[in-house]
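Visitor: I would like to learn how the features of a structural model are read. Please take me through one.

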Amino acid sequence: MDNETLFYACGIVLAVSALAVTFLGLKSEKFPGRALPAVILWFAVFVLGAATFAVRYGGEEQEVKAAEYAEFNEELEKGESVGGFSNEGGALGGEREEGEEEAEQAAEGPEEKESVGPTTGSKEDEDEASGKGGVTKDEQGSQGSSKSSSGPQASTTLPLAADPSALAFDETELSAKPGEVTIDFDNPSPIPHNVVIEQDGKDLAGFDPIAEGEESVSTNLEAGTYTFYCSVVGHREAGMEGTLTVK
């Protein structure tokens, strides 16, 4: 017999014994009399047995859960449960690299446009030195377009966390402004999760699954509707996905 069965058996014996002692006590004023030591010993044996089997049963439950987590981690190491993102070398695949290149190009864009400023300023200095004075309409238009194109992009940071006891995010609807969007992800669970940003079936950015830790994903997004999800096998199907609206 296993520890669980023995624990419940001791509990049943204690319950039946308590009812029997109560019944005999009501029927006879002399009960338990000389049988008191035997009654105490009887209950002590089964109370001790129930406590012992409860502790052993609890230890077996912890061992089973530890074995399940170990098996799950082995599957992750073999690369069987990381979805579209591979753990090999820590790389995220071609799609993520492409998204990072696009983000770098978008980030470098304003810097190149800002370099127009000194050129415009040098023209003004030459005009002043040559006695021409004011600024022409063409130069005013050039300055106006330079200022508008080099304006700062919006930056949005969104908090997101995994449910510690279920395959779910704490939010299924997120919203941000066009520009750089960052999702700060917190996973308090021992089960690995990650966040991937997707649009029209194409992964734009993401990171490898983590357990009991924090990670962030950032990318430049235009106005539109995107999907964020966990790429660990089976997690998205279980409900770990949501909608990211950029407007």
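Guide: Let us begin with burial, where buried means under 20% relative accessible area, exposed over 50% and partly exposed in between (1.4 Å probe, protein chains only). His193 has a relative accessible area of 1%, so this residue counts as buried. The model is predicted: local features need pLDDT of at least 70, side-chain atom pairs count only at pLDDT 80 or more, and totals for chains, interfaces and linings use all residues. Residues are numbered from 1 along each chain as its sequence is written, and side-chain values use heavy atoms, with hydrogens and water left out.

Visitor: Where in the chain is His193 found?

Guide: Helices (H or I, at least four residues) and strands (E, at least two) are DSSP runs, numbered from the N terminus. His193 belongs to the loop between strand 3 (179-187) and strand 4 (196-199).

Visitor: Which side chain joins that of His193 in a polar contact?

Guide: A polar contact is a pair of N or O atoms within 3.5 Å; within protein, one must be able to donate a hydrogen and the other to accept it, and residues adjacent in sequence count only if both atoms are side-chain atoms. Here the side chain of His235 is the partner, at 3.0 Å. Contact in general means heavy atoms within 4.5 Å. Leaving aside neighbours within four places in sequence, His193 is in contact with residues including Phe185, Phe207, Cys230 and Met240.

Visitor: How many salt bridges does the count come to?

Guide: A salt bridge is a side-chain nitrogen of Lys or Arg within 4 Å of a carboxyl oxygen of Asp or Glu. By this rule the count is 2 salt bridges. In one of them, Arg236 pairs with Glu198, their closest N and O atoms being 3.0 Å apart. Arg236 lies in the loop between strand 7 (224-229) and strand 8 (241-246) and Glu198 in strand 4, so the pair ties together parts 38 residues apart in sequence. Arg236 also forms a salt bridge with Glu241, again with closest N and O atoms 3.0 Å apart. Shared partners join Glu198, Arg236 and Glu241 into one network.

Visitor: Is Glu198 buried or exposed?

Guide: Glu198 is buried, at 11% relative accessibility, whereas Arg236, at 25%, is partly exposed.

Visitor: What is the mean pLDDT of the protein?

Guide: pLDDT is the predictor's confidence in each residue, from 0 to 100. The mean is 77, and 69% of the residues reach 70 or more. Over residues 86-96 the pLDDT is below 50, although this stretch has 20 contacts in the model beyond near neighbours in sequence. Where pLDDT is low, the predicted coordinates should not be read in detail.
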